[in-house]
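Reader: Hi! Could you walk me through how the parts of this structure are arranged?

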Amino acid sequence: MMPFDVLTSLAIPLPEDNIDTDIILPARFLLHTEKTGLGRFAFAERRARPGFVIDDPRHAGAAILVAGANFGCGSSREQAAWALLDLGIRCVIAPGFGEIFAGNAISNGLLPLALPVPAWRHVLAEADAGWPLTVSLVTQSVALVDGETIGFDFDAGAREMMINGWDDISMIRARHAEAIAAFERQQRQDAPWLWDRAMHHG
Amino acid sequence: MRTVAVTAPSTLYHRLWAAHVVAETGAGEALLYIDRMLIHEVSSPQAFAGLRDRGLVPYRTAPHLAVADHAVPTHDRGAIADPQARQQIALLAANCAAAGIEYLPLDDARQGIVHVIGPEQGFTLPGTTIVCGDSHSATHGAFGALAFGIGTSAIECVLATQVLPQKKLKTMRVTIDGVLAPGVGAKDIILTLIGRIGAAGAVGHAIEYVGSTVAALSMEARMTLCNMTIEAGARVGLVAPDATTFAYLAGRPRAPKDAAWDRAVMAWQALRSDADAVFDRDIHLDAAAIAPQVSWGTSPDQVIGIDGAVPGDAGARPLEYMDLAADQGIAGLAIDHVFIGSCTNGRIEDLRAAAGIARGRHVAAGVRAMVVPGSGLVKRQAEAEGLDAIFRAAGFEWRDPGCSLCVAMNDDRLLPGQRCASTSNRNFEGRQGVGARTHLMSPMMAAAAAVTGRITDVRALLA
Ligand code: SF4
């Protein structure tokens with residue numbers, strides 16, 4: 001996974017609530033079986049009309065998206081996170097996120113940063129004004145050009161993983177193999193019907 | 001496993017959580033053992049590829065079951081016209097064959113939507129953890145399973161390790177008491193709840209549905225209820241297993257048999273919240289007060305009773321997209337299309353309910369209506385009961401099983417501006433095709449819309 005520590009960038013303002021993953025990556029593009037190259041399909045319907053904020057030259061090169069509440073709700077498609085990353089987005093700042101999207105984002109080094117609404121409004125105003133922001137997962141703060149610094153909470157385990165670019169699979173295999181085997185031995189005794197081969201190919 | 005007896009009052013959610021903790025990894029965080037995973041063609045290719053890139057094979061194969069549903073055609077199955085869909089489905093079959101995971105092919109009678117076939121096969125069992133790369137995985141919570149949707153990286157993690165890092169959720173109890181009026185069902189309950197608490201109203205929570213109304217619901221209806229939990233923002237919806245659950249599961253192909261069944265039922269009977277368990281939030285709904293529901297906007301919480309009107313303060317964007325005006329009544333709105341199906345409402349009971357309205361009537365002129373059974377077994381059962389004949393005689397198309405117009409990834413797609421009465425779960429912009437306008441409702445309400453050509457109060461058609 002791509003590590004995420006500190007990011008300084010312009011931010012794209014998209015302050016609409018309930019931007020679901022169908023808007024971020026419409027379903028008809030899910031027939032692609034690759035992770036890469038999905039950025040060209042991102043927000044396809046919105047971009048079909050000229051002037052959509054993502055394509056505004058004022059925000060060219062921006063790696064931060066400032067979105068409305070419940071961003072990424074709906075379908076679990078991880079393609080939404082991959083498409084945003086392919087557009088160059090590394091951080092989405094919103095008042096809240098769809099939970100599955102937030103998990104998918106973290107797995108891919110895309111920071112889903114939830115801020116309380118007043119702080120979010122401040123960040124949005126800076127994005128609108130075309131000022132860059134600095135998001136640090138190391139110090140857990142967003143620094144604004146006007147001098148203000150906004151602290152934020154972030155899950156400790158997810159933070160460590162993102163800063164170091166670790167991924168779940170290597171960590172689990174390295175640290176928990178014996179615990180998994182022990183759990184399985186116990187479950188075979190407690191719930192043997194879950195381990196009956198005959199049940200699986202019924 | 002925990003060796004200390006749990007003595008404090010516990011919720012069902014906490015019981016299921018505690019029974020699957022492999023290792024505590026932080027405050028309220030743990031690795032959870034995953035008993036079962038359902039796999040479909042859209043969210044899995046990159047997970048199989050990732051596993052291969054790591055030089056790994058699945059840690060276990062028996063706990064997984066795969067089927068294609070999202071991209072499959074629902075007519076003329078022999079040759080799949082769309083080359084991308086054909087490839088995606090072939091890739092799933094090839095990935096499963098290489099990994100040793102059971103795959104139900106398109107010509108198998110058991111093929112269908114993941115959330116319909118899991119319960120049907122007895123793959124879904126009380127007390128298990130079940131995941132799928134699909135947000136409607138909460139459906140399986142209707143059996144008292146801890147079931148939730150995951151992304152592709154998490155699928156890869158389950159394939160590689162059989163565990164997932166998870167954060168413990170807060171709990172919300174939704175109590176529904178009373179008797180539903182004729183013409184009102186589980187879909188109307190869940191739409192009412194979503195309208196009440198909002199599309200993000202239950203984010204961070206596991207919902208448990210309780211009360212006399214829930215106790216009286218069939219398994220099909222409980223699945224409808226749990227299915228749309230995600231539309232209220234919660235990944236997990238639960239109903240404690242009871243005699244209705246056990247009667248549904250008995251004799252299913254993958255359910256335990258004989259002595260193992262007796263032992264399992266004993267264990268499953270303990271899967272309930274203690275009477276004095278404390279929930280983080282409590283919501284009450286009066287079943288008798290619920291009217292048939294219809295969504296008017298582009299988020300599932302933009303929903304009203306059939307007698308209602310679009311809110312006066314509705315935002316400009318959904319009104320423009322849906323071509324509606326603030327304060328406009330929803331009843332009487334002309335529709336072009338009707339879709340009866342999906343993992344929300346593609347089960348046998350749903351088809352029976354819709355057929356009851358379609359019987360002896362005909363789809364209105366200019367309306368196209370289709371029925372897409374949730375699985376091959378639902379289709380077969382419906383045909384045995386003569387429901388297909390009722391639908392066909394009434395002018396509905398009778399299709400093969402799949403997700404179809406719920407997600408419009410196959411060739412079932414609406415044109416821009418078309419208005420659809422749909423039994424699916426999402427009315428998002430573009431969900432049924434670019435520019436298509438979706439109104440969510442129950443199977444009975446969708447059938448009523450089909451035969452009248454308008455959004456109609458089904459209660460007027462119940463003679
Ligand atoms: S029927 Fe619709 S919601 Fe259900 S699994 Fe298929 S696409 Fe998803």
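Author: Happy to! Keep in mind that this is a predicted model. Let's begin with a pair of helices in chain B: helix 2 (residues 45–53) of chain B and helix 5 (residues 152–161) of chain B have axes that come within 8 Å of each other and cross at roughly 50 degrees.

Reader: What about helix 13 of chain B and helix 16 of chain B: are they roughly parallel or oblique?

Author: The axes of helix 13 (residues 348–358) of chain B and helix 16 (residues 443–452) of chain B come within 8 Å, crossing at roughly 30 degrees. Because of that angle, helix 13 of chain B counts, relative to helix 16 of chain B, as roughly parallel.

Reader: Is the crossing of helix 13 of chain B with helix 16 of chain B left-handed or right-handed?

Author: Here the sense of the crossing is what matters, and helix 13 of chain B passes helix 16 of chain B in a crossing that is right-handed. The residues of their contact include nine nonpolar and one charged, with no polar ones. To come back to your question, the crossing is right-handed.

Reader: How much area do domain 1 of chain B and domain 2 of chain B bury between them?

Author: Domain 1 of chain B covers 12–167 + 241–265, and domain 2 of chain B covers 170–238 + 276–288. Between them, 24 residues of domain 1 of chain B touch 19 residues of domain 2 of chain B. Carbon and sulfur atoms account for 64% of the buried area, which is about 1,700 Å².

Reader: And in chain A, what distance separates the centres of domain 1 and domain 2?

Author: Chain A is split into domain 1 (6–166) and domain 2 (168–202). Taken over C-alpha atoms, the centres of domain 1 of chain A and domain 2 of chain A are separated by 36 Å.

Technical notes. Residues are numbered from 1 along each chain as its sequence is written. Chains are lettered from A and ligands numbered from 1 in the order in which they are written. This is a predicted model: local features need pLDDT of at least 70, side-chain atom pairs count only at pLDDT 80 or more; totals for chains, interfaces and linings use all residues. Side-chain values use heavy atoms; hydrogens and water are left out. Axes are lines fitted to C-alpha atoms, for helices over the stretch in contact, and angles run from 0 to 180 degrees between N-to-C directions. Helices (H or I, at least four residues) and strands (E, at least two) are DSSP runs, numbered from the N terminus. Domain bounds come from an automatic or database domain assignment. Contact means heavy atoms within 4.5 Å. Buried area is the accessible area (1.4 Å probe) that two parts lose on being put together, summed over both. Angles under 35 degrees count as roughly parallel, over 145 as roughly antiparallel, 65 to 115 as roughly perpendicular and the rest as oblique. A crossing is left-handed if the near helix is turned anticlockwise from the far one by less than a right angle, and right-handed if clockwise. Ala, Val, Leu, Ile, Met, Phe, Trp, Tyr, Cys and Pro count as nonpolar, Asp, Glu, Lys and Arg as charged, and the others, Gly among them, as polar.
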